[in-house]
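Colleague: I would like to learn how to read a model of this kind, one feature at a time. Could you take me through it, giving the general idea and then the case at hand?

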Amino acid sequence: MENRIGRRELLEWSAALGAAVVSGPVPRAFAVDGPATLGRRLADDPPRNIIFMVSDGMSLGVPSMAEPFSRAVRGAGTHWLELLASPECRHGWMETGSLNSLVTDSAAASSAWGSGSRVFNDAVNMLPDGTRLTPVAELARSAGRRVGLVTTTTITHATPAGFAAVQACRDDEAEIAPQYLERVDVLMGGGREYYLPELRKDQRDLVAAFKRAGYALWTRRDHLRSEDRPPRVLGLFGQGHLPFTIDQRSDERLAREVPTLAEMTQAALDILGRVGARDSDDRHDAGPPDDPPAPGFLLMVEGGRVDHAAHANDAAALLWDQLAFDDAIRVATAFAARRRDTLVVVTTDHGNANPGLNGMGSNYRESDRCFGRLTGFTGSYETLKRRATRGLESDKAPAADHVTDVVRALTQIVLSRAEAATLAEALVGRLPPELSRQHANLIGVTGQIFGNHTGVGWTGKSHTADLALTTALGPGAEAFAGVLRNTDVFAALTAAMGIRHRNPSMTPAEAQRFAAAATSRHVDAWS
């Protein structure tokens, strides 16, 4: 008799395999210490300040390409690579799954860090049965620490929300926005649409509410350049996400109005670091000698649009935003270098589209020249699409010659006639039938066409299950060495702050009965 596995048995076997991999224990030889052990070890030299930095959606191929790209456009390598070579740093790999998938979204990933419990993709610090988890920002504030969130996305987006909010669905950013009040001292990023009454559906004036609570409103780059450093800041520098760095560099208005991630990081550190300095060159910040030491702060810094560029298969936009993140790393480590009380952690929440430089030409001799073409790009694919379709009806494809001209102006690349015609049709949703499912949209077509010229290839346009690179420097850095589970971050952060708290959690088997309801919810394309 033929030995076949039925559909039901196959599904049960797949669910069991997923549960085993997602929830399986990290080998104890490599796992992060438990909160009690780590707490005892940190008692002698605890970090007063924690800077947790996230290059969202950064596959390992990104820093690999960012290093030569940085040398080409900046004349120097990346600061992250310097840290990787430093004997003072600790390095690790982090497993990134969510409660219902080996491949996490940013909401579940950040919630794992922010609560110590895995949740379903799409949720923010909430278990599938509706149990609300206490986020790390609330715990830090209760312990007397100050909290900051800095990002290039909307400030209410998945990663910052995972540190400070509780919401059933990440897309409910209007509901996340008011949760930061009194919970986060410094907020900087985009997202005016969720705070201004004329942009909110309920017309609630959250800006006024924050001002009444003592927050200063910053909306322009020159606000950061002022010597004024109020203790609380609501910084909203865009209606939605902040622009890609590549577009900001090429647009005088954007460059004038929108701060860089490094500038926002520096301003946040200036504000949060005014109290609690220890063994610092800036002795005037430390307060009178007899004052009790201040508890310090927790600051999350996110290069959020690295993820968006990876979703778009946009190599130049990806690399420029990675360099902007690298500039922020330099700011953070410079702050930590002036004192002995600051832990800096640099990582990502998951991979995305797995970009990498492929060998080009005979014996790969064309690889360097092809990759070098990325240095001539002056706009993102968002800009390309906007310019190529300007003035056209939504279903009317631009002329191939017009697409060729727009591409040449933005990238210095001359497309073949076939490439230009294919891209023109893809701009209005008419796609080549032979494309694989992973590339069957404008993103895939654009990424493949430009990969012909730059050598950068992609496995798809979505998140991946790769291990995440983690680098840490300062007191408590050893907690981020070896092989980690993403939930271990919460244990390490709370132990470093002297906080004892454990949120409820579920196993994948316990959560399985809620899976059907979860799959019916919408997950944002830029996740």
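Colleague: Let us begin with the cysteines: is Cys-89 buried or exposed?

Modeller: Please keep in mind throughout that this is a predicted model. A residue is called buried when its relative accessible area is under 20%, and Cys-89, at 5% relative accessibility, therefore counts as buried. Cys-370 is buried as well, with a relative accessible area of 5%.

Colleague: How many disulfides does a search of the whole structure find?

Modeller: In general, a disulfide is a covalent bond between the sulfur atoms of two cysteines. Here the search, which covers the whole structure, finds 0 disulfides.

Colleague: How should I read burial along a helix, and how many residues of helix H5 are buried?

Modeller: The general idea is that an α-helix has 3.6 residues a turn, so residues three or four places apart point the same way. Helix H5, which spans residues 106-115, is mostly covered, with 10 of its 10 residues buried. Among those buried residues of H5 are Ser-106, Ala-109, Trp-113 and Gly-114. Just after H5 comes Gly-116, which takes a positive phi of about 80 degrees.

Colleague: How many salt bridges does the count come to, and which side chain does Arg-330 meet in one of them?

Modeller: A salt bridge is read from a side-chain nitrogen of Lys or Arg within 4 Å of a carboxyl oxygen of Asp or Glu, and by this rule the count comes to 22. In one of them the side chains of Arg-330 and Glu-82 meet at 3.9 Å, N to O. Arg-330 lies in helix H15 (residues 315-337) and Glu-82 in helix H4 (residues 79-84), so the pair ties together parts that are 248 residues apart in sequence. Arg-330 counts as partly exposed at 39% relative accessibility, and Glu-82 counts as partly exposed at 43%.

Colleague: What parts does the pair of Glu-138 and Arg-183 tie together?

Modeller: The side chains of Glu-138 and Arg-183 meet in a salt bridge at 3.0 Å, N to O. Glu-138 lies in helix H6 (residues 136-142), while Arg-183 lies in the loop between helix H8 (173-176) and strand E4 (186-190), so the parts tied together are 45 residues apart in sequence. Glu-138, at 31% relative accessibility, counts as partly exposed.

Colleague: Which residues are linked in a network of salt bridges?

Modeller: Arg-141, Glu-182, Asp-185 and Arg-232 are linked in such a network.

Definitions and conventions:
Residues are numbered from 1 along each chain as its sequence is written. This is a predicted model: local features need pLDDT of at least 70, side-chain atom pairs count only at pLDDT 80 or more; totals for chains, interfaces and linings use all residues. Side-chain values use heavy atoms; hydrogens and water are left out. Buried means under 20% relative accessible area, exposed over 50%, partly exposed in between (1.4 Å probe, protein chains only). Helices (H or I, at least four residues) and strands (E, at least two) are DSSP runs, numbered from the N terminus. A disulfide is a pair of cysteine sulfur atoms within 2.5 Å.
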